[in-house]
Amino acid sequence: MNPIQPGQITALVLAGGRGSRMGGVDKGLQNFNGTPLALHTVMRLQMQAGGLVGDLMINANRNLSAYEAFGAPVWPDTLSDYAGPLAGFMTGLERCETPYLLTAPCDTPLFPLDLAQRLAQAFEDGSTEIAMAAAREADGQVRTQPVFCLMRVNLLESLVAFTQAGGRKIDRWTDQHRTVVVTFDQPGDDPRAFCNANTLAELHVLENS
Ligand SMILES: Nc1nc2c(ncn2[C@@H]2O[C@H](COP(=O)(O)OP(=O)(O)OP(=O)(O)O)[C@@H](O)[C@H]2O)c(=O)[nH]1
Ligand SMILES: [Mg+2]
């Protein structure tokens with residue numbers, strides 16, 4: 001039995017950052033192989049295996065009408081002043097109408113097509129509250145990918161309290177909960193899956209990889 005049923009996950013594209021390492025551009029609107037990064041992310045979330053993703057939303061803070069054209073509701077941060085990705089998590093939890101929220105950043109275009117399915121397996125243990133992705137990097141080390149999280153929507157209250165107290169780091173918050181780390185290092189997993197493009201040069205390297 002799958003612990004999470006089809007349609008029970010709302011996917012959230014995180015595109016609310018400053019893009020400072022890309023010269024301050026709106027990263028989600030930069031093209032990756034001819035498609036804006038955020039739209040590419042929307043499509044990859046819609047293609048997730050198992051039909052687990054029902055709803056989809058975009059979190060952005062600039063150029064909202066450009067994001068609306070991608071066909072999903074767009075929500076800016078409710079916390080002010082670019083408080084970081086947790087501000088996006090909070091916006092998603094506030095707007096989510098399903099029991100689970102899956103976050104994915106707009107700058108990691110090759111993320112796995114079975115991301116939702118493999119993170120969902122961590123909820124076979126009924127006490128799990130958050131599943132966080134991890135990947136083995138080129139140096140052989142396993143590193144968590146905190147912007148890729150599947151979480152129970154009833155964590156909103158906890159996140160509000162954490163951010164109101166000034167908390168900004170994702171793993172500081174997830175450490176307060178029953179978080180299971182799911183490592184994507186099986187044979188056949190794409191080693192580029194969690195490579196993110198923080199600069200235009202990194203984006204071009206990923207396009208040509
Ligand atoms: N909602 C929201 N999302 C953010 C914020 N800052 C970063 N993010 C998102 O978090 C993810 C990881 O962000 P980074 O690549 O570290 O930051 P960035 O703002 O995109 O780029 P830099 O300014 O170069 O660090 C991306 O999907 C960002 O869109 C923020 O203040 N609010
Ligand atoms: Mg990044």
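What follows is a walk through a predicted model, from its sheet to its ligand and then to individual residues.

The tour begins with the sheet. Seven strands make up an open sheet, arranged in the order E5-E4-E1-E6-E8-E7-E9 with mixed pairing. Its edges are strand E5 (74-75) and strand E9 (179-184), each of which pairs on one side only. Within the sheet, strand E7 (residues 130-136) and strand E8 (residues 142-152) run antiparallel to each other and are joined over seven bridges.

When residues up to four places away in sequence are set aside, Arg 143 touches Ala 134, Ala 135 and Glu 137. Phe 162 is 19 residues from Arg 143 in sequence, and their C-alpha atoms are 24 Å apart in space.

Helix H3 (85-95) presents a mostly covered element: eight of its eleven residues are buried. Among these are Leu 86, Phe 89, Met 90 and Leu 93. The buried residues of H3 pack against E1, strand E4 (53-60), E5, strand E6 (100-105), helix H5 (156-164) and helix H6 (170-174).

Altogether 22 residues surround ligand 1, and the closest are Gly 16, Gly 17, Arg 21, Gly 88 and Pro 105. By class, the shell comprises nine nonpolar, eight polar and five charged residues.

An unreviewed UniProt entry carries the annotation "binding site" for Leu 14, Ala 15, Gly 16, Lys 27, Asn 59, Asp 77 and Asp 107. Two of these positions may be considered in turn. Leu 14 lies in strand E1 and counts as buried because 26 C-beta neighbours fall inside 10 Å. Beyond its neighbours within four places in sequence, the contacts of Leu 14 include Asn 59, Gly 88, Pro 105 and Val 147. Asp 107 is located in the loop between E6 and helix H4 (115-120). With 27 C-beta neighbours inside 10 Å, Asp 107 is therefore counted as buried. Again leaving aside neighbours within four places in sequence, Asp 107 is in contact with Lys 27, Leu 37, Asn 196, Ala 197 and Asn 198.

How values were computed. Residues are numbered from 1 along each chain as its sequence is written. Chains are lettered from A and ligands numbered from 1 in the order in which they are written. This is a predicted model: local features need pLDDT of at least 70, side-chain atom pairs count only at pLDDT 80 or more; totals for chains, interfaces and linings use all residues. A residue is near a molecule or strand if its C-beta atom, placed from the backbone, lies within 6 Å of it. Ala, Val, Leu, Ile, Met, Phe, Trp, Tyr, Cys and Pro count as nonpolar, Asp, Glu, Lys and Arg as charged, and the others, Gly among them, as polar. Two strands pair if DSSP finds at least two bridges between them. Helices (H or I, at least four residues) and strands (E, at least two) are DSSP runs, numbered from the N terminus. A residue is buried if 20 or more other C-beta atoms lie within 10 Å of its own, exposed if 12 or fewer, and partly exposed in between; C-beta atoms are placed from the backbone. Two residues are in contact if their C-beta atoms, placed from the backbone, lie within 7 Å. UniProt positions are given in the numbering used here, feature names are shortened, and annotations may be inferred rather than shown by experiment.
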